[in-house]
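Q: I am new to this structure and should like to learn how to read it, feature by feature. Please give the general idea each time, and then the case at hand.

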Amino acid sequence: MIHSPGLGIPRYPENNNKTGGSNSNEVLLFKDAIPDFNQPSTGKLTVTKNSSVQPVSLLRLGVFTPSCRTEATVTLNVTEALSSLEIAKQEGYTDIKITGPMLNYFQDFRCWTAIVHSFSVSPDALKGNRIKMPFSEFAKLCGYPSKRYSTKLRNEIADSLTKIRSKSIRFEKNPGITKFKVAGLLKEAEFDGESDYIILEADERLWDLYRSDHLTLLRKKPLELLTRNETAQALYTFFEALPQHPAPITFDRLRQRLLLNGRIAEQNRKMRTALDVLASIGYLKFYYLVDTSVPTIQITDRNPKLTGS
């Protein structure tokens, strides 16, 4: 059994009174933060086999990045991005950092989208933040065909769950760190090889990452077409978290998001190639601004459905 004692989302008391006052016995459930496709106001933000719902902040930050040769631990100062979280406002935290192993797109992001999907479909999620499901079902949500359900895949998914669980979000009061609190993307992950079940538990303290005004619909088709280019995958998820009419984006900002290794010239080459790939699959239309001190792009259109391509 692999046990990796992080994703918090809301549920309410047994009487389901969501409009009443606060309740100290209130239990916040992950599932309730995922928009209900039966509600017209949120129906466009629905977790399906073709799409995922993701917090904008996670996609704009370097939480998931292209694979690198070193298994480095990364610390991101995310105070500006996450200061509006309820946990930060209520308790007055002034310094917020995300720390942990680098999470890639090849395996870890697939696993993360499967975690979100699991909580949206599991009957256990109606009762609490701990769900149990067969490995085969979880692997399917990751996008793997049944012929891949091997011991090797089980180990790879176990490794990804461990890394995701190890990604912590630390809230501190400065100066002098008079008070701090640690939460995570996933509170607990467990794989029982004997019964072949996966158990996941969400961290309810981060439920407001999934408030509807923080969400974006992420279509999976572009990701599937880009499986051999993690830089393009990372740019795609970043672009999908931007406003409808984004401001010009410098390569400095893209490097900050991607956390690539190597010389700046090589990083720029990879980003140019990735941008061309995104254009070639019919997702992105953009152009380079002239007379800028650093390479800068202006996005004119995004087509996540890949219609007409």
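Q: Which residue in β6 stands opposite D95?
A: Strands of a sheet pair through backbone hydrogen bonds, either parallel or antiparallel. In this predicted model, D95 stands opposite E172 of β6. Five bridges join β4 (residues 95-101) to β6 (residues 168-173), and these strands run antiparallel. Two strands pair if DSSP finds at least two bridges between them. Helices (H or I, at least four residues) and strands (E, at least two) are DSSP runs, numbered from the N terminus.

Q: How many bridges join β6 to β7?
A: Six bridges join them, again in antiparallel fashion. Within this pair, R170 stands opposite V182 in β7.

Q: On what basis are residues numbered and values computed?
A: Residues are numbered from 1 along each chain as its sequence is written, and side-chain values use heavy atoms, with hydrogens and water left out. As this is a predicted model, local features need pLDDT of at least 70 and side-chain atom pairs count only at pLDDT 80 or more, while totals for chains, interfaces and linings use all residues.

Q: What average pLDDT does the protein have?
A: The term pLDDT denotes the predictor's confidence in each residue, from 0 to 100. The protein averages 84, and 82% of the residues score at least 70. Over residues 1-24 the pLDDT is below 50, and this stretch has 73 contacts in the model beyond near neighbours in sequence; a contact means heavy atoms within 4.5 Å. Residues 40-44 also have a pLDDT below 50, with five such contacts. Where pLDDT is low, the predicted coordinates should not be read in detail.

Q: In what order do the strands β11, β12 and β13 form their sheet?
A: The three strands form an open, antiparallel sheet in the order β11-β13-β12. Since β11 (249-250) and β12 (284-288) each have a single partner strand, they stand at the edges, and one side of each is left without a neighbour in the sheet. Five bridges join β12 to β13 (residues 296-302), and F286 stands opposite I299 in β13. Helix α8 (residues 230-240) lies across β11, β12 and β13, at about 70° to β13.

Q: At what angle do helices α9 and α10 pack?
A: Axes are lines fitted to C-alpha atoms, for helices over the stretch in contact, and angles run from 0 to 180 degrees between N-to-C directions. Helix α9 (residues 251-258) and helix α10 (residues 264-280) pack at about 90°, with their axes 11 Å apart. This makes α9 roughly perpendicular to α10, a term for angles of 65 to 115 degrees. The contact involves F251, L254, R255 and L258 of α9, together with I264, Q267, N268, M271, R272 and L275 of α10.

Q: Is L306 buried or exposed?
A: Buried means under 20% relative accessible area, exposed over 50%, and partly exposed in between (1.4 Å probe, protein chains only). L306 is buried, because its relative accessible area is 4%. This residue lies in the segment after β13.

Conventions: Parallel < 35°, antiparallel > 145°, perpendicular 65-115°, else oblique.
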